[in-house]
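Reader: I am new to this structure and would like to go through it by question and answer. Please show it first.

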Amino acid sequence: MSTSPAREPLLEVRDLRVHFPTHDGLVRAVDGASFAVHRGRTLGVVGESGSGKSITFLTVMGLIDRRRARVSGQVLFEGEDLLALPPDELRRLRGDRVGMIFQDPMTSLHPMYRVGDQIAEAVRAHRDVDKREAGRRAVEALRQVGVPAVEQRARQYPHEFSGGMRQRAMIAMALALDPDLLIADEPTTALDVTVQAQILELIDELKQRLDIGVVLISHSLATIADVAQDVMVMYAGRPVEIASRDGLFHAPLHPYTWGLLGSSPQVHRRVERLTPVDGAPPSLIAVPPGCPFHPRCPHRFAPCDSERPDLVDRGGGHPDACHLSAEDKARLREAREVAA
């Protein structure tokens, strides 16, 4: 499904489904996601709130309560299915070989413990080292992510760090064990624009230097454009388009992607006004039949109401989930660009 090079995927997800039974009905939070992440590359994942982005990767991390969710499919990490692992083995792998950075570091860092001690504790949970060695590794991890006066900073508490420094500390904690895969869930949401750019540049530099795979989850296409080599657009719990960065930004194929691009500022061209996507995402308890985007799509036609399109390459150069032909998409895309 991925447009990445032929190198074996670091992470390959096949037909992942995560459904939550509730009193109101079945919430289809993820409903058939298939994609790959490659070492040395960043997969940018974009979509509106409720599209399934975070739930997909919380499931990859084993952070979904399997007693409350129906999970099926495969999550292959270097060929090993994480969904089939016993909880103890999954806990050992999480943090050790797969690290995750969350949106708000203040909810991830304990306010009553020094930052260095918290990173050292993560090291000792996965490595057979004494307290002194774990502390040394914590300091080195903070130095690696550009924290200044690192010896002093390691002895400080989270409230003594700025927002950008707290996020750097979370990246240091995720990288202290030399993971192969780093998942960053909206890592710059609460930061100002300058600090956002610094954090994204840091993640990109670490990816290249350490040759790890990165997943960057974001609402912002501009963020994705800066650092991702591959892009996955999600809608109503499933991918609707997967492409290289250039493929997605220069030849997008799905009408939802067109809508996202039309509602985002573009550096390379001036527009009089941005055009929001009409309507709102569907309830994941009552996803429309056929193409889930069809109630909001200005280009829908008969099959869209009843036939769910598969995520396949229809001749446009990369996979998308839309019934329109490649020729129709090229014509409509050209008309949109002329109108803009």
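Predicted model: local features only at pLDDT ≥ 70, side-chain atom pairs only at ≥ 80, totals over all residues.

Reader: How far does helix 8 reach from its first C-alpha to its last?

Author: Helix 8 has 18 residues. At 1.5 Å a residue, the expected reach is 26 Å. The model comes close to that, with a reach of 26 Å.

Reader: At the start of helix 8, which side chain reaches the backbone nitrogen of T194?

Author: The contact runs from a side-chain oxygen to that backbone nitrogen, within 3.2 Å. The oxygen belongs to D192.

Reader: Which strands are included in what covers the buried residues of helix 8?

Author: The buried residues of helix 8 include V195, I199, L200 and D204. Their cover includes helix 5 (131–144), helix 7 and helix 9 (221–227). The strands included are strand 3 (42–46), strand 7 (181–185) and strand 8 (213–218).

Reader: Q229 is in contact with which residues, leaving aside its neighbours within four places in sequence?

Author: Q229 sits in the loop between helix 9 and strand 9 (230–235). The side chain of Q229 reaches the backbone oxygen of V227 at 3.2 Å and the backbone nitrogen of T42 at 2.7 Å. D204 and K207, which are buried in helix 8, are among the contacts of Q229.

Reader: Which residues have the most contacts inside the largest nonpolar core?

Author: In soluble globular proteins, nonpolar side chains tend to be buried together. Here the largest nonpolar core has 94 residues. The largest share of this core, eight residues, comes from helix 7 (residues 163–175). Those with the most contacts inside the core are F35 and I183.

Reader: Which helix supplies the largest share of the lining of the second largest pocket?

Author: This pocket holds about 490 Å³ of space and is lined by 21 residues. The largest share is five residues, and it comes from helix 4.

Reader: What is the volume of the largest cavity?

Author: The structure holds three cavities of 30 Å³ or more. The lining of the largest cavity includes H254, C291, C297, C304 and H323. The volume of this cavity is about 80 Å³.

Conventions
Residues numbered from 1 in each chain as written. Heavy atoms only, no water. Core = buried A, V, L, I, M, F, W, Y, C linked by side-chain atoms within 4.5 Å. Buried < 20%, exposed > 50% of the residue type's maximum accessible area, 1.4 Å probe, protein only. Helix = DSSP H or I, 4+ residues; strand = E, 2+ residues; numbered from the N terminus. Expected span 1.5 Å × (residues − 1). Contact = heavy atoms within 4.5 Å. Polar contact = N/O pair within 3.5 Å; in protein donor to acceptor, adjacent residues only side chain to side chain. 1 Å grid on protein atoms, 1.4 Å probe; cavity = no way out; pocket = protein on both sides within 12 Å on 5 of 7 lines; lining within 4 Å. Points joined across faces, edges and corners; volume = space filled by probe spheres on them.
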